Amino acid sequence: MALKLIDKILEGIDKLPSPNIVVQRIVAVCSKPDASSSEVANTLMMDASLSARVLKLANSAYYGIPRKITTLSEAVMILGFKTVRNLALSVFTYDMVFKNRSSSVDRERLWEHFIATAVASETVAETVGYPLKEEIFIAGLLHDIGKVVYDFLLSEILEMEVKIAQKLKKNLIEVEEELEVPYHTEVGAKLLRSWNFPDLLVYSADYHHNVNANPNELFLNQVSMVHIGDVLANLMIRGASLSWGDPVLSPFALNALRLKPRVVLKILERSKKKYERAKEFLKLD
Ligand SMILES: [Fe+2]
Ligand SMILES: [Fe+2]
């Protein structure tokens, strides 16, 4: 069964909504080492509705800027172009999550899980002193995008998995394993690769449940940050990820980042506070 399903997913991935040209261009510009903030602002300006929603987020409590930001170039100047790129990607991901309304999957809760994971992963990055925390925010935001692919292409299977997970108090990945269906992790990684998104995002989607399965340990530290962010997000909002088992923290990931469990508890408390300030991300219409 798994083989046929993966074929169906691979065929379907191309027909899913993909980042529009403006978002694609922003991602490309930001992965260049010589990226410039004016390039980012000028690209964003080509899409008025995206720009307006980015400005709304830039003015949210999450960033705590004391005065109102009214233009994109100001937002880029104050927040940095990586954060502005993240805001554009958040708007796009929000639209993708909510575009498919035919299944009974609780998309509002799933979106809460995406934001909670982005915030918690970013907090892990800050705590371990990783300099590119914006990359970890977006890796956290997109880690479970495979569940959205399932919701679009194989919603009846996802609905069944969620029912089983809820009834037997299991995690979705365990149910996927038992049913021998493709993992949401590999499905998400395939989608992000098809969009030519940076490898860090692909690896975080692929290995966030199984950090030590990553064969060459590429992006090991970053994937570990997303893994811990995901576990913390599951503790913050139980069931929102469509998983109902106990979140399991990987000792391998803790080791990679040299994090002690008591520090992780502190990160949890900090993430909860930051999540409270991230409410504007939850209503992006
Ligand atoms: Fe997951
Ligand atoms: Fe997750």
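Q: What covers the buried residues of helix 4?

A: Among the elements that cover them are helix 2 (21-30), helix 3 (37-44), helix 5 (72-79) and helix 6. The model is predicted: local features need pLDDT of at least 70, side-chain atom pairs pLDDT 80 or more, while totals for chains, interfaces and linings use all residues. Residues are numbered from 1 along each chain as written, with chains lettered from A and ligands numbered from 1 in the order written. Helices are DSSP runs (H or I, at least four residues), numbered from the N terminus.

Q: Which residues of helix 4 are buried?

A: Leu50, Arg53, Val54, Leu55, Leu57 and Ala58 are buried (20 or more other C-beta atoms within 10 Å of their own, placed from the backbone).

Q: How is the packing of helix 4 and helix 6 described?

A: Packed helices are described by the angle and the distance between their axes. Helix 4 (residues 48-58) and helix 6 (residues 81-99) pack at about 115°, with axes 9 Å apart; axes are fitted to C-alpha atoms over the stretch in contact, and angles run from 0 to 180 degrees between N-to-C directions.

Q: Which residues meet there?

A: From helix 4, Leu50, Arg53, Val54, Leu57 and Ala58 meet Val84, Leu87, Ala88, Ser90 and Val91 of helix 6 (backbone-placed C-beta atoms within 7 Å).

Q: How do helix 6 and helix 7 cross?

A: Their axes come within 10 Å and cross at roughly 155°, helix 7 being residues 107-128. The two helices are therefore roughly antiparallel (angles over 145 degrees). Thr93, Tyr94, Val97 and Phe98 of helix 6 make the contact with Arg107, Leu110, Trp111 and Phe114 of helix 7.

How values were computed: Contact = placed C-beta atoms within 7 Å. Buried ≥ 20, exposed ≤ 12 C-beta atoms within 10 Å, placed from the backbone. Parallel < 35°, antiparallel > 145°, perpendicular 65-115°, else oblique.
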